[in-house]
Amino acid sequence: MSGYVVVGTQWGDEGKGKIVDVLASKMDYVVRFQGGNNAGHTVVVNGKKTILHLLPSGILSKNALCVIGPGVVVDPYVLLEEIALLKKNGLEVDHLRISDRAHLIMPYHIKLDALEESKLGNHKIGTTKRGIGPCYADKYTRIGLRVGDLKDYDYFKERLAQALSIKNEIITKVYGERPFDFDELANEFLKIKEALEPMIIDATALINKALADNKQVLFEGAQANMLDINYGSYPYVTSSSPTSGGVITGVGVAPKYLNNIIGVVKAYSTRVGEGPFTCEQLNADGDKLREAGGEYGATTGRPRRCGWLDLIVVRQACEINGLSDLVLTKIDVLSDFEKIPVCVGYMLDGKMIDTIPSTIAACERLKPVYKYFDGWQEDIAKIRSYDELPVNCKKYIEFIEEFTNTRISLISVGPDRENNIITHDLI
Ligand code: GDP
Ligand code: IMO
Ligand code: MG
């Protein structure tokens, strides 16, 4: 079995990009299976930072063919910009392929994302405004345009005309805005077709063959379980399935191939956008976490909301994803705290619970039940062996393993590719 999965276990931004980059050197393929350029995945190599939005985080490893899978939504303008930026920085991008079945984020999706958010007013989701939700909505109402449609330009134009007739009616009649011009869009997408066409493939056939041939394939998740369309804090979620189940439908591979499912957990919690966040610290501790952790969005630059580790959330991620391993990141950020609370349950209307309610109203009434850990107040960024970690730090790590019943195989103590303590081989 040769299928590996990396997913987030909280609200995104756990450090998935870094971990995918670390594992990519041993991979034949790295495949994104959902989401789009709402993702911001940071990779740091010898101090040099690269933020990837659509390109798989294996792109810096030439050995791995990088694939944008069928379940991804692709903004072609962003994709071409990202490729150009990497090339400008002297990096090779020839090992990139795009699924013919991936959906295209069209300019009207981005427009509608912004219009819907402003219509929602106080109830806005706080989306990244990248057109993600409107694009997935069109996919499911079956008026979406796919990357592979570009190969037959007449067919693409036919589909565009159909979609525009519906979208323009909404844009003009509901929102009173200017319609999108068919000819203008059709011309722009002719240029996009020329640029993308050499990269368009049947990714499902390719990856299935690779798995059957026992090649090493890593599936890279974006977002995380609390942003999952089914299991997250709906409606404050994204419009895809960032869990391991999403790999199966998002690439078209069978569950039997997924053996190592790796969940990335940040040593505390962050959230970008609106929605309940039980352990949020709207105080000096939250500010300290934000500054020490550099918690500003890699996509939108928004300050991330910060709080303590919520182990109910992480345990739910272990269950939903079937995690075989956890990777713990940013534990170095906690080094300067005297006491570190960890949420081990919630009080809801006077009763203790240990699962996440389905309604936002109930989630907003949750009060965290904390277990307190003593801090270690010692810089751990240079440590490379588990035994050398301070005793209190080890207690914190071992409690996470115990509570989630999942082993922690890698402890990340800094942003760089090399800043790791490996306790079990992941590959
Ligand atoms: P992703 O969306 O899950 O890939 O995560 P992001 O890239 O959005 O955010 C993670 C941030 O933390 C990035 O700035 C990383 O460079 C940084 N990072 C990752 N791991 C560590 C770590 O162990 N320690 C510290 N201090 N920073 C880290
Ligand atoms: P990575 O892959 C953190 C959040 C947005 C918003 C909600 C819906 O870097 O971990 P969307 O634009 O998807 O419709 O927004 O989801 N969100 C993320 N938060 N990390 C991400 O990706 C996110 N992608 C989307 O802030 O609350
Ligand atoms: Mg991110």
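Asp13 sits in the loop between S1 and H1. Helices (H or I, at least four residues) and strands (E, at least two) are DSSP runs, numbered from the N terminus. This is a predicted model, in which local features need pLDDT of at least 70 and side-chain atom pairs count only at pLDDT 80 or more, while totals for chains, interfaces and linings use all residues. Residues are numbered from 1 along each chain as its sequence is written, chains are lettered from A and ligands numbered from 1 in the order in which they are written, and side-chain values use heavy atoms, with hydrogens and water left out.

**Magnesium site**

- Asp13 (OD) and Gly40 (O) coordinate the magnesium ion (ligand 3) at 2.1 to 2.2 Å. Donors are N, O and S atoms within 2.8 Å of the metal (3.2 Å for Na, K and Ca); water is not among the atoms, so sites may look incomplete.
- Asp13 comes from the loop between strand S1 (3-8) and helix H1 (16-24), and Gly40 from the loop between strand S2 (29-32) and strand S3 (41-45), so the pair ties together parts that are 27 residues apart in sequence.
- Asp13 is partly exposed because its relative accessibility is 22%, and Gly40 is buried because its value is 12%. Buried means under 20% relative accessible area, exposed over 50%, and partly exposed in between (1.4 Å probe, protein chains only).

**Backbone geometry**

- Asp13 has a positive phi of about 65° although it is not a glycine.
- Asn46, in the loop between S3 and strand S4 (48-52), also has a positive phi, near 50°. Asn46 is exposed, with a relative accessible area of 69%.
- Most residues other than glycine have a negative phi, and most peptide bonds are trans.
- The peptide bond joining Tyr234 and Pro235 is cis, with omega about 10°. Pro235 belongs to the loop between S10 and H8.
- Ser233 is in the loop between strand S10 (217-220) and helix H8 (244-252) and is buried at 6% relative accessible area. Beyond its neighbours within four places in sequence, Ser233 contacts Met226, Arg271, Pro276 and Ile360, contact meaning heavy atoms within 4.5 Å.

**Domains**

- The protein chain divides into domain 1 (3-92 + 202-422) and domain 2 (103-199); the bounds come from an automatic or database domain assignment.
- The domain centres, taken over C-alpha atoms, are 29 Å apart, and the contact takes 27 residues from domain 1 and 24 residues from domain 2.
- About 2,000 Å² is buried between the domains, with carbon and sulfur atoms giving 62%. Buried area is the accessible area (1.4 Å probe) that two parts lose on being put together, summed over both.
- On the domain 1 side, Val73, Pro76 and Tyr77 lose the most area to domain 2, together 27% of what that side buries.

**Nonpolar cores**

- The largest nonpolar core has 68 residues, and Ile207, Phe219, Ile331, Leu334 and Tyr396 have the most contacts inside it. Such a core is a set of buried Ala, Val, Leu, Ile, Met, Phe, Trp, Tyr and Cys residues joined through side-chain atoms within 4.5 Å.

**Helix H10**

- Helix H10 (residues 311-321) is mostly covered, with 8 of its 11 residues buried; among them are Leu311, Ile312 and Asn321.
- Gly322, which follows H10, has a positive phi near 65°.
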